[in-house]
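The sequence and structure are shown below.

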Amino acid sequence: MKKSSLFLTILAIVSAYSLSSCSSDTKVEEEGEIVLKFWNGFTGSDGNNMHAIVESFNKEYEGKIKIEDDTINWDSLFLKLIQNKGKERFSPHIVAMGANRLGSIQGKGILKEMDDIVSFLNANEEDYLEASWNAGLLKNKRYSFPLDMHPTAMYYNKDLISEAELPTTWDEFEAICKAKTKDGVYGFAIPNMYSITKDIVYSMALQNGSDLLDENNKPIFNNSSWVNALDKLRKWKYDDVISPSSVGSSGDLTLFNASKSVFYFDGPWTINTLKDISPIDFGVAPMPGSVGENGISFSGSHQFTLVDCTVNSERIKNACYTFIDYVNKNPLKWAEAGQVTSYKPVHETSEYKTLSELQPFTLEASKAKIGKIDYEYFYEAYNYMGTAVANCLNANESALDSLTSKVNLYNKFIKEQ
């Protein structure tokens, strides 16, 4: 009876410990090489450059720290993170993720607090783009460290418009597009269903004084600022006809490369793609309304995060921080991949300034906003808004009706939570 009682007591203690920590069948030895799994969704030239950064790190830290990077489609990456919560064997140590997913993933208890990374890296807030630095602060604790920002800028065909003609306001943009739409050439091929249009509308709404959510995290993306912004794109497409009425997936890029549209909007990752595939001579300028005294636009930001389940010792955490510090202090390779690095000192170097197409994005990033990403359901609000934008532009639907419909669906979603 005594032996049985002792066994049951030990079993209860072991079970309690197992439930309070990650399930694991592997251990990291106190000596020898630490192997860290690094997940990201960088699939283009940025993926190649990140892999090159990892290889360079592994060579420098050979025998001490090894990074195993795994590129996974963004949606699949987040799904796997959620499904594998608490399972050390199947989870990464480091994840690069979009800031707009931070609140959601942190709310599920997956991410590890990183308050001490600032002192570990001896980082100064003034050295980083403000929006990306603040992105990691969720509920007054740091859960990420900034890698980059990627606002939307305006690509243009140099054979169809001169630099002197480039618009700096949306009114100028509209007038130029109307004047340039002729002889089978459009001012701007507006995609029917593509994420970049929601970022354009978001930027317009910010310039009109409204964010996606109010101070109480209530959706306001059907107020007059949003309606006017979305209706502007709808009007350009269907009333002013500065765009074809039907522009399918990647159709805006196809028409731009064929010299059938003057302007094309996208993120900085497209710079290298256009250099590789585009037959035209293109330039890049800031999005209208995004720079200057009251300039503002919406931007994404990639952030480094740690997974709580796997980063379960000081030694592993410090190894993760060492890799993040390495990427942070060697940012030029990431800039060459077509990303605005969050680390500002590199922006003043001659090497960075030779990346001429990246400079307009850098100007935008200094003033850009990334939304209320500390709210757990920001990403869902962002997607509901994007669906409203797509519905309006795809079916020539009323901007107010499209946006209000999705605000109502989002509110229903929140109640269900």
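## Salt bridge between Lys 353 and Glu 348

In this predicted model, Glu 348 has a relative accessible area of 59% and is exposed, because that value is over the 50% cut-off. Its salt-bridge partner is Lys 353, and the closest N and O atoms of the two are 3.7 Å apart. Lys 353, with a relative accessible area of 45%, is partly exposed.

## Further salt bridges and a network

The structure contains 14 salt bridges. Some of them share partners, and in this way Glu 174, Lys 178, Lys 235 and Asp 240 are joined into one network.

Another of the salt bridges pairs Asp 116 with Lys 317, with 2.4 Å between the closest N and O atoms. Asp 116 is located in the loop between helix H4 (102-107) and helix H5 (117-121), whereas Lys 317 belongs to helix H12 (residues 314-329), so the pair ties together parts that are 201 residues apart in sequence. The two partners also have their accessibility assigned: Asp 116 is partly exposed at 29% relative accessibility, while Lys 317 is buried at 8%.

A salt bridge is also formed by Lys 180 and Glu 165, whose closest N and O atoms are 3.2 Å apart. This pair links distant parts of the chain, 15 residues apart: Lys 180 is in helix H7 (residues 170-180), and Glu 165 is in the loop between strand S8 (153-157) and H7. Glu 165 counts as partly exposed, at 35% relative accessibility.

## Packing of helices H2 and H12

Helix H12, which holds Lys 317, also packs against helix H2 (residues 45-60). The angle between the two helices is about 120 degrees, and their axes are 11 Å apart. H2 and H12 are therefore oblique to each other, and their crossing is right-handed.

On the H2 side, the residues that meet H12 are Ile 53, Val 54, Ser 56, Phe 57 and Glu 60; their counterparts in H12 are Thr 322, Phe 323, Tyr 326 and Val 327. By class, this contact comprises six nonpolar, two polar and one charged residues.

Which residues are in contact with Thr 197, leaving aside its neighbours within four places in sequence? They are Ile 190, Pro 191, Leu 233, Val 389 and Leu 393. Thr 197 itself is part of helix H8 (residues 195-207). Its relative accessibility is 1%, and Thr 197 therefore counts as buried, the cut-off being under 20%.

Definitions and conventions:
Residues numbered from 1 in each chain as written. Predicted model: local features only at pLDDT ≥ 70, side-chain atom pairs only at ≥ 80, totals over all residues. Heavy atoms only, no water. Helix = DSSP H or I, 4+ residues; strand = E, 2+ residues; numbered from the N terminus. Buried < 20%, exposed > 50% of the residue type's maximum accessible area, 1.4 Å probe, protein only. Contact = heavy atoms within 4.5 Å. Salt bridge = Lys/Arg side-chain N within 4 Å of Asp/Glu carboxyl O. Axes fitted to C-alpha atoms, helices over the stretch in contact; angles between N-to-C directions. Parallel < 35°, antiparallel > 145°, perpendicular 65-115°, else oblique. Left-handed = near helix turned anticlockwise from the far one by under 90°. Nonpolar A, V, L, I, M, F, W, Y, C, P; charged D, E, K, R; others polar.
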